[in-house]
Amino acid sequence: MYGESVHALYGHRVIYDAGLGTSALVKQVILEGRWHWPQNSCQVIEIQSRVQDIRISSSSDCIFWDSPGQTFSTHKAWNGIRCPSSEVPWYSLVWHPLRIPKHSFCFWLALRGAHKTRDKLRVAGSILSAACVFNCGEEETLEHLFFSCPFSHSVWTTVLAMCNIVRPTLPWTEEIDWMTHHSLGQGFPASVRKLAFVVMVYNLWTERNRRCFHNLFLPGPEVIKKIRQEVAWTALSSRKMQLSERHHSLCTNWGVSWQGLSR
Ligand SMILES: [Zn+2]
């Protein structure tokens, strides 16, 4: 009634007095196109008088969200119940248009420091040694894995070169900072950088898991080959990606040509 339920305005007692039951429908208080509330108590009589100027429509009922005319969507509902956090500077690295969800999720876990690296497992008592599975003799931490470890350092150095970026590798948080500020926009070079970075983090993490849980391993060049293929396939399958002769060098590095994938 005017945006509030009868129950909220009058309490449970009025439902009992009206004799309507808790699951009564509005149509039970309409008779021949007019409001027809039972006249059992002064509160119900008051309701009958208050609803007189509410027009009775013969069209079907519609459910609105928030205000009349606003349709319901899970998007609106989610935004209605959640507490939004402040925007993080690196969000465009994770949630860019070419993202592959499993890669983005793995990368987001890394950004949040949520991967169960071996240093955490040792502290929790799950394993005795936190030694890096790439056999470098160091302890496995997030920062070691991305990219202080000689194995991941070598992969990242190669991927940087394939992105035509000439600079030394940086500690994890500085890499995130650098990539955030040097891969802005949706152009081909920026998109390839973002894609390559996220695909590489995913492949390093899965290679680490392959060694941890399956006792199998791929050598560095094979990991780089997988990264190259995944980046190339994603770039080519995107209709948004505009390839042009200007990007000839990048296309060659990643095995992408105007006709399709090259070797
Ligand atoms: Zn290592």
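Predicted model: local features only at pLDDT ≥ 70, side-chain atom pairs only at ≥ 80, totals over all residues.
Just beyond the end of helix 11, asparagine 215 adopts a positive phi of about 55 degrees.

Helix 11 also has a packing partner. Two packed helices are described by the angle between their axes and the distance between the axes. For helix 6 (residues 101-111) and helix 11, the axes come within 9 Å and cross at roughly 80 degrees. Because angles of 65 to 115 degrees count as roughly perpendicular, helix 6 is placed roughly perpendicular to helix 11. On the helix 6 side, the residues that take part are Lys102, His103, Ser104, Cys106, Phe107 and Ala110. They meet Val198, Val199, Val201, Tyr202 and Trp205 of helix 11. An α-helix has 3.6 residues a turn, so residues three or four places apart point the same way. With that in mind, the reader may like to trace Cys106 and Ala110 in helix 6, or Val198 and Tyr202 in helix 11, in the structure above.

Leucine 111 is another residue of helix 6. Leaving aside residues up to four places away in sequence, leucine 111 touches Trp90, Val94 and Ile176. Threonine 173 is 62 residues from leucine 111 in sequence, yet their C-alpha atoms are 8.6 Å apart in space.

Stepping back to the whole chain, the domain assignment gives domain 1 (6-81) and domain 2 (91-261). The centres of the two domains, taken over C-alpha atoms, are separated by 57 Å. The secondary structure comprises 13 helices and four strands. The chain is more spread out than a compact globule, because its radius of gyration is 30 Å, well over the 18 Å that the globule rule gives for 263 residues. Along the principal axes, the C-alpha atoms fill a box of roughly 85 × 55 × 30 Å. Buried residues account for 22% of the 263 residues. Of the contacts between residues at least 6 apart in sequence, 52% join residues at least 24 apart.

Methods:
Residues numbered from 1 in each chain as written. Domains from an automatic or database assignment. Helix = DSSP H or I, 4+ residues; strand = E, 2+ residues; numbered from the N terminus. Rg over C-alpha atoms; globule rule 2.2 N^0.38 Å. Buried ≥ 20, exposed ≤ 12 C-beta atoms within 10 Å, placed from the backbone. Contact = placed C-beta atoms within 7 Å. Axes fitted to C-alpha atoms, helices over the stretch in contact; angles between N-to-C directions. Parallel < 35°, antiparallel > 145°, perpendicular 65-115°, else oblique.
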